[in-house]
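I opened my notebook to go through this one step by step. Here is what I was looking at.

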Amino acid sequence: MALLLVKLLFKKNGEFTSQHIHDSQAMKDRNIHCVIDQDREARQKGKAY
């Protein structure tokens with residue numbers, strides 16, 4: 001906890017970055033989505049098993 005606090009206090013505009021898959025550029029580059037989005041896409045295509 002102390003190390004997280006250090007980041008918030010001493011880094012200019014310190015903030016936590018989002019840990020969600022849909023916010024990660026690396027995951028977008030690999031065409032990986034969160035399970036909710038994948039489920040929605042599969043249901044629209046009629047391939048949800």
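Below are my entries, from the overall fold down to single side chains.

**Ground rules.** I'm working with a predicted model, where local features need pLDDT of at least 70, side-chain atom pairs count only at pLDDT 80 or more, and totals for chains, interfaces and linings use all residues. Residues are numbered from 1 along each chain as its sequence is written, and side-chain values use heavy atoms, with hydrogens and water left out.

**Overall.** I looked up the secondary structure and got three helices and zero strands. The pattern along the sequence reads α-α-α. Helices here are DSSP runs of H or I with at least four residues, strands are runs of E with at least two, and both are numbered from the N terminus. Next I checked how much is buried: 2% of the 49 residues. Buried means under 20% relative accessible area, exposed means over 50%, and partly exposed is in between (1.4 Å probe, protein chains only). The accessible surface of the protein is about 4,900 Å², and carbon and sulfur atoms own 57% of that. Those areas come from the Shrake-Rupley method with a 1.4 Å probe, and for residues only the protein chains shown count as cover.

Which residues form a nonpolar patch on the surface? I found Leu5, Val6, Leu8, Leu9 and Phe10, with about 510 Å² of accessible area together. A patch takes residues with over 30% relative accessible area and no salt bridge; nonpolar side chains (Val, Leu, Ile, Met, Phe, Trp, Tyr) are joined within 5 Å, like charges within 9 Å. Val6 counts as partly exposed because its relative accessibility is 40%.

**Salt bridges.** How many salt bridges are there in the whole structure? My search gave two. The term means a side-chain nitrogen of Lys or Arg within 4 Å of a carboxyl oxygen of Asp or Glu.

- In one of them, Arg40 pairs with Asp37 at 3.0 Å, N to O. These two are three residues apart in helix α3, so about one helical turn separates them. Arg40 is partly exposed at 45% relative accessible area, and Asp37 is partly exposed at 21%.
- Asp39 and Arg43 also form a salt bridge, with their closest N and O atoms 2.9 Å apart. Both lie in helix α3, four residues apart, again about one turn. I noted Asp39 as partly exposed, since its relative accessible area is 34%. Arg43 comes out as exposed because its value is 57%.

**The two histidines.** His33 is in the loop between α2 (25-29) and α3 (35-45). Is His33 buried or partly exposed? I wrote down partly exposed, because the relative accessibility is 29%. Leaving out residues up to four places away in sequence, His33 touches Ile21, Gln38 and Glu41; contact means heavy atoms within 4.5 Å. The His33 side chain also makes a polar contact with the Asn31 side chain at 3.2 Å. For that term, I need a pair of N or O atoms within 3.5 Å; within protein, one must be able to donate a hydrogen and the other to accept it, and residues adjacent in sequence count only if both atoms are side-chain atoms.

Then I went to His20, which is in the loop between α1 and α2. His20 is exposed, with 52% relative accessible area. His33 and His20 are 13 residues apart in sequence and 9.7 Å apart in space, C-alpha to C-alpha. From His20 to Cys34 I count 14 residues in sequence and 8.0 Å in space, C-alpha to C-alpha.
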